[in-house]
Amino acid sequence: MKDEIRRLQKDGEFRFEGLTREESRNRAEKLAKAARKDDLKNGIDCEYGIARDAFGYYRAVVIG
C-alpha cells in the first residue's frame with residue numbers, strides 16, 4: 001500500500017490493473033483514505049478522491 005500511496009502522491013492518480021469494477025472502486029476508496037491520512041500525519045493538506053473512466057473502472061486521484 002505504501003508504494004501505491006507514493007505513486008498517487010507523485011503522479012496525481014493511481015490506476016488499478018486486473019480488478020473488477022467493484023474491486024477497483026473499493027481499492028480506490030481505501031487508497032484515497034490512506035493517502036489523506038498519510039498526508040495529514042506529515043502536515044500536508046491535500047484532498048483525494050476517486051474517479052471513474054468510460055468503462056466503469058475506478059482510480060484514485062488527487063483533487064487539490
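Q: Why is glutamate 47 called partly exposed?
A: Its relative accessible area is 39%; because buried means under 20%, exposed means over 50% and partly exposed lies in between (1.4 Å probe, protein chains only), glutamate 47 belongs to the intermediate class. This is a predicted model, in which local features need pLDDT of at least 70 and side-chain atom pairs count only at pLDDT 80 or more, while totals for chains, interfaces and linings use all residues. Residues are numbered from 1 along each chain as its sequence is written, and side-chain values use heavy atoms, with hydrogens and water left out.

Q: What pLDDT does the chain average?
A: The average is 96, and 100% of the residues score at least 70, where pLDDT is the predictor's confidence in each residue, from 0 to 100. Helices (H or I, at least four residues) and strands (E, at least two) are DSSP runs numbered from the N terminus.

Q: Where is glutamate 47 placed, and which residues is glutamate 47 in contact with, leaving aside its neighbours within four places in sequence?
A: Glutamate 47 lies in the loop between H2 and E2. With contact meaning heavy atoms within 4.5 Å, its partners are Arg36, Val61, Val62, Ile63 and Gly64. Between glutamate 47 and alanine 32, which are 15 residues apart in sequence, the C-alpha to C-alpha distance is 8.4 Å.

Q: What makes the pair of phenylalanine 14 and phenylalanine 16 edge-to-face?
A: A search of the whole structure finds one aromatic pair. In that pair, phenylalanine 14 and phenylalanine 16 are 5.0 Å apart centre to centre, with 70° between the planes. Rings of Phe, Tyr and Trp (its six-membered ring) pair if their centres lie within 6.5 Å, and planes under 30 degrees apart count as stacked, over 60 as edge-to-face and the rest as tilted; the pair is therefore edge-to-face.

Q: How do you know whether phenylalanine 14 and phenylalanine 16 are buried or exposed?
A: Phenylalanine 14 has a relative accessible area of 6% and is therefore buried. Phenylalanine 16, at 15%, also counts as buried. Not counting residues up to four places away in sequence, phenylalanine 14 touches Glu4, Arg7, Leu8, Leu31, Arg59 and Ala60.

Q: Which residues make up the largest nonpolar core?
A: This core has 12 residues in all: Ile5, Leu8, Phe14, Phe16, Ala28, Leu31, Ala32, Ala35, Cys46, Tyr48, Tyr58 and Ala60. A nonpolar core is a set of buried Ala, Val, Leu, Ile, Met, Phe, Trp, Tyr and Cys residues joined through side-chain atoms within 4.5 Å. H1, helix H2 (21-41) and E3 are the elements that give two or more residues to this core. H2 gives the most, with four residues.

Q: Why does aspartate 38 count as buried?
A: Aspartate 38 has 5% relative accessibility, and so counts as buried. This residue lies in helix H2 and touches Lys2, Ile5, Arg6 and Gln9, not counting residues up to four places away in sequence.

Q: Why is one side of E1 and of E2 left without a neighbour in the sheet?
A: The open sheet of three strands has the order E1-E3-E2, with antiparallel pairing. Strand E1 (13-15) and strand E2 (48-52) stand at the edges, each with a single partner strand, so one side of each has no neighbour in the sheet. From one strand to the next, the twist averages 25°.

Q: How many bridges join E2 to E3, and over how many do E1 and E3 pair?
A: Five bridges join E2 to E3, and three link E1 with E3. Two strands pair if DSSP finds at least two bridges between them, so E2 and E3 qualify, as do E1 and E3. In E3, valine 62 is the bridge partner of tyrosine 48, and arginine 59 is that of arginine 15.

Q: Why is E3 described as largely enclosed by the rest of the structure?
A: Four of its five residues are buried, so the rest of the structure largely encloses E3.

Definitions and conventions:
Axes fitted to C-alpha atoms, helices over the stretch in contact; angles between N-to-C directions.
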